[in-house]
Amino acid sequence: MSSLRHSPIGDRLYQTLTTLCAISVLVLLLVLSARIFVAASPALQAFGWRFLTGAQWDAVHGVFGVAPAVYGTVISSALALALATPLALAVAIFSAEVAPAWLRSILEFALDLLAAIPSVIYGLWGLFVLVPLLRDRVMPVLTETLGLADTPLFAGPAYGPSMLAAALLLAIMILPYIAAVAREVLAAVPDAQREAALALGATRWEMLRHAVLPYARSGLVGAVILGLGRAFGETMAVTMVIGNRHEMSASLLAPGYTLASLIANEFAEASATLHHAALMAAGATLLLVTLLVNALARWLVWRVRRPGDA
Amino acid sequence: MRARAFLSLLLALVAGPISAQSVDLTGAGATFAYPMYSRWISDYVAKVGIRINYQSIGSGGGIRQLSERTVDFGASDAPLTDAELAQLAERRILHVPTVIGAVVAAYNLPGLRGKLKLSGPVLVDIYQGRITKWNDSRIAALNPGAKLPNRNILVVYRADGSGTTYVFTDYLSTISPSWARGPGKGMSVAWPVGIGGRGNEGVSGQVRQILGAIGYMELTYAMQNNLTFADVENAAGHFVTPNQASMTEAAAGAVRRMSGGDTRVSVVNAAGSGAYPITSYTWLLIDARMANAAKAKKLADFVRYALTDGQKVTTALHYAPLPSALVPPVLKQLDALTAAK
């Protein structure tokens, strides 16, 4: 039994190693951020706050402002989340609580498959299937049949590539991620929770509503935040369908831009120093926006959990 | 995420052995002439047996990598500006013209019989949003007898930075002072109207789908996708179809200027009755003071091949060969590469 004897050197070594590994994650994040901000500094110095508030992006004349791209990033992701979350949670609840075992395995397989499709495939599908469908079938119904063309949300000509197309495509792309994680979270809820609720005479829905969902709440929010992170960073698929225009429009039918697409589109051909720095600054902005939204989401979870909760 | 991790592992496994093999020459840059370069490289590699690796990462990336000396040659659709050359002052960058390409204005008007005729000023006004309908009187004046629909024009541009955009905006700036003062010319410009497609497939996809759309792209792309494109009025007042003959004629006028040594010339809106006006050379960027003499010799040999035997396969890919009078002076430039340093 000598191998199991307490060995101070082995313990210390183990502790040091794992601490180093943990610190390396932080160091990586710091170095990455520092490099981006250093590379971005010429643009940040030249424009200051105007970089965030400016609506003009003109590489020829060296005027750079990312307000439309920030707007497009936030709006397209928020819309996608609003569309995908209810559906994904419904899928997860069905799969974890309701579906028979054989259907559950098929559903899981389909979700994994959806999550594994490369985003450029989603982009091409969006360009050649989703956008024409929206333009020919959906947008005329919205603007003419429902008469929404007079509302600012659906004003202007409907060419297809638009904020709406981007949000829909993003919703489809993040749905399997949210659903898969949410399913795992629900499956991890102890059966004792369910049995206790059922023993008290709860219906299946009441059991879910009062015993399972509250228990899984923080995990479910985590699933949604994961989806949001993916929506923020999605590049290729969005740039295929959003229309790539530096404009802030209230209309969902109008084209827009996102930070990630902007960087991907212009980085390869940016030879001027200021242009290069401006794209780096766009990357820094994306980093900050993601950080802010994540912090906000965590604060929300924290606030929801506090009153009278375990 | 699992799939992504798996893919990158797969990539690492596949790419590892290849990059571990010794590559004799590496280059990076322009996408406009990439099909041509990759054809030349595969032909030359089969013939001579040296390994050349060209990455079409974009002109800007090619220039950056050349200045950081991570590649042996760059390639660009836009000549380096004097400011960019000044940044590379300790090098002697040669612009070696390799091939001639054309940018076309493709459109989607199914009811229209025959080819649309457009002039430079009309193209400028379409891309500035001053002409918004296909039956505008100025388009009708260029196309007597054509049944032009009362349809909105949707302008499509390249959202990603590209040499194609440079050539097209170079043309618009050349014929229109207001365009030159406004959006100007560049790899990516601030377009007054329209929507952006990513890559040639993005632009051609939008043009094919949306009735009334117009978009610019490389000739090869329009041919491969069976898109109709306009005949464009040239400086002599003729409406010209882009093809090998009209590209060559546009390029030939610049030979005298280029033979002097500076090959950085723009041939948009060239004189000559049959010249297609939206035509451009594309260049390899080579450091004449390359330190490694063995590499310099290999590179010079490859470029000599491209400029002589390689010119015979240009038309198969819808590019035009260099004017024959231009080849000797350019070959002579290459001597600097192999001369004793």
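Because the model is predicted, local features need pLDDT of at least 70 and side-chain atom pairs count only at pLDDT 80 or more, whereas totals for chains, interfaces and linings use all residues. Residues are numbered from 1 along each chain as its sequence is written, and chains are lettered from A and ligands numbered from 1 in the order in which they are written.

**Figure 1. Overview of chain A.** Chain A contains eleven helices and two strands; here helices (H or I, at least four residues) and strands (E, at least two) are DSSP runs, numbered from the N terminus. Starting at the N terminus, the order of elements is α-α-β-β-α-α-α-α-α-α-α-α-α. The C-alpha trace of chain A spans about 75 × 60 × 40 Å along its principal axes. Of its 310 residues, 39% count as buried. A residue is buried if 20 or more other C-beta atoms lie within 10 Å of its own, exposed if 12 or fewer, and partly exposed in between, with C-beta atoms placed from the backbone. Two residues are in contact if their C-beta atoms, placed from the backbone, lie within 7 Å. Among the contacts in chain A with a separation of 6 or more, 74% join residues 24 or more positions apart.

**Figure 2. The surroundings of Leu52(A).** Leu52(A) belongs to helix 2 (residues 50–53) of chain A. This leucine counts as partly exposed because it has 15 C-beta neighbours inside 10 Å. Leaving aside residues up to four places away in sequence, Leu52(A) touches Val66(A), Ala67(A) and Thr285(A). Leu52(A) and Thr285(A) are 233 residues apart in sequence, but their C-alpha atoms are 8.1 Å apart in space.

**Figure 3. Helix 10 of chain A.** Helix 10 of chain A is largely enclosed by the rest of the structure, because seven of its eight residues are buried. The buried residues of this helix are Leu259(A), Ala260(A), Ser261(A), Leu262(A), Ile263(A), Asn265(A) and Glu266(A).

**Figure 4. The contact between chain A and chain B.** In this interface, 26 residues of chain A are in contact with 31 residues of chain B. On the side of chain A, at least two residues each come from strand 1 (57–58), helix 5 (119–145), helix 9 (236–241) and helix 10 (259–266). Helix 5 of chain A supplies the largest share of that side, three residues. The residues on the side of chain A divide into 14 nonpolar, eight polar and four charged. In this division, Ala, Val, Leu, Ile, Met, Phe, Trp, Tyr, Cys and Pro count as nonpolar, Asp, Glu, Lys and Arg as charged, and the others, Gly among them, as polar.

**Figure 5. The largest nonpolar core.** A nonpolar core is a set of buried Ala, Val, Leu, Ile, Met, Phe, Trp, Tyr and Cys residues joined through C-beta atoms within 7 Å. The largest such core has 185 residues, of which Leu169(A), Ile178(A) and Ala105(B) touch the most other members. Helix 6 (residues 163–187) of chain A gives the most to this core, namely 21 residues. Leu169(A) touches Tyr122(A), Gly126(A), Leu130(A), Ala237(A) and Val241(A), when residues up to four places away in sequence are not counted.

**Figure 6. The two domains of chain B.** Chain B is divided into domain 1 (2–100 + 280–338) and domain 2 (103–250), with bounds that come from an automatic or database domain assignment. The centres of the two domains, taken over C-alpha atoms, are separated by 30 Å. Their contact takes 17 residues from domain 1 and 14 residues from domain 2. On the side of domain 1, helix 3 (59–67) and strand 12 (279–287) of chain B are the elements that give two or more residues. The residues of that side of domain 1 comprise eight nonpolar, eight polar and one charged.

**Figure 7. Strand 8 of chain B and its partners.** Strand 8 (residues 213–218) of chain B is mostly covered, with six of its six residues buried. Two strands pair if DSSP finds at least two bridges between them. Strand 4 (residues 93–107) of chain B pairs with strand 8 in the antiparallel sense over five bridges, and Tyr107(B) has Ile214(B) as its bridge partner. Strand 6 (residues 154–158) of chain B pairs with strand 8 in the parallel sense over three bridges; here Val156(B) stands opposite Gly215(B).
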